[in-house]
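Please look through the sequence and the model below. The paragraphs that follow take its contacts and surface in turn.

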Amino acid sequence: MINYIQLYRIRKRVKKILKDKILEEELATTETSCLGCVADDISWEVYYLMKESKSEKEEKL
């Protein structure tokens with residue numbers, strides 16, 4: 001089951017990090033780049049990594 005509240009929090013944090021990186025000119029963007037889309041993709045990956053590591057810990061117990 002997907003925890004959408006946790007996913008939203010991850011997305012919010014990822015989007016803030018991306019905005020900071022853009023302001024510091026550490027991340028290049030174009031006129032057509034979608035910051036929200038990138039944040040969504042990264043958020044889903046982080047969410048699944050967290051879920052996977054949690055299930056691995058439960059298997060060890």
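This is a predicted model: local features need pLDDT of at least 70, side-chain atom pairs count only at pLDDT 80 or more; totals for chains, interfaces and linings use all residues.

Ser43 has its place in helix 2. With a relative accessible area of 1%, Ser43 is buried, because buried means under 20%.

The charged side chains come next. Side chains of opposite charge can pair when their charged atoms come close. How many salt bridges does the structure hold? There are three.

One of the salt bridges joins Asp40 and Arg11, with the closest N and O atoms 2.2 Å apart. Asp40 belongs to helix 2 and Arg11 to helix 1 (residues 4-23), so this pair ties together parts that are 29 residues apart in sequence. Neither end is described as buried: Asp40 is partly exposed, at a relative accessible area of 28%, and Arg11 is partly exposed as well, at 24%.

Another salt bridge is formed by Lys16 with Asp20, where the closest N and O atoms are 3.1 Å apart. Here both residues lie in helix 1, and their spacing of four residues is about one turn of the helix. Asp20 counts as partly exposed, with 31% relative accessibility.

Lys21 and Glu26 also form a salt bridge, and the closest N and O atoms of that pair are 3.0 Å apart. Lys21 is partly exposed, with a relative accessible area of 34%.

The loop between helix 1 and helix 2 is the place of Glu25. Which backbone angle of Glu25 has a positive value? Phi of Glu25 is near 60°, and Glu25 is a residue other than glycine. Glu25 is exposed, with a relative accessible area of 74%; the term applies because that value is over 50%.

Helix 2 covers residues 35-60, and some of its other residues can now be placed. Asp41 is in helix 2 and counts as exposed at 53% relative accessibility. From Asp41 to Met1 the C-alpha to C-alpha distance is 18 Å, while the two residues are 40 apart in sequence. Met50 also lies in helix 2, where it counts as partly exposed at 37% relative accessibility. Met50 and Ile5 are 45 residues apart in sequence, and their C-alpha atoms are 14 Å apart in space.

What kind of charge gathers in a patch on the surface? The charge is negative, and the patch is made up of Glu52, Glu56, Glu58 and Glu59. Glu58 is found in helix 2.

The loop residue Glu25 is exposed.

How values were computed. Residues are numbered from 1 along each chain as its sequence is written. Side-chain values use heavy atoms; hydrogens and water are left out. Patches are made of residues with over 30% relative accessible area and no salt bridge: like charges are joined within 9 Å, nonpolar side chains (Val, Leu, Ile, Met, Phe, Trp, Tyr) within 5 Å. Accessible areas come from the Shrake-Rupley method with a 1.4 Å probe; for residues, only the protein chains shown count as cover. A salt bridge is a side-chain nitrogen of Lys or Arg within 4 Å of a carboxyl oxygen of Asp or Glu. Lys and Arg count as positive and Asp and Glu as negative; His and the chain ends are not counted. The place of a charge is taken as NZ of Lys, CZ of Arg, CG of Asp or CD of Glu. Helices (H or I, at least four residues) and strands (E, at least two) are DSSP runs, numbered from the N terminus. Buried means under 20% relative accessible area, exposed over 50%, partly exposed in between (1.4 Å probe, protein chains only).
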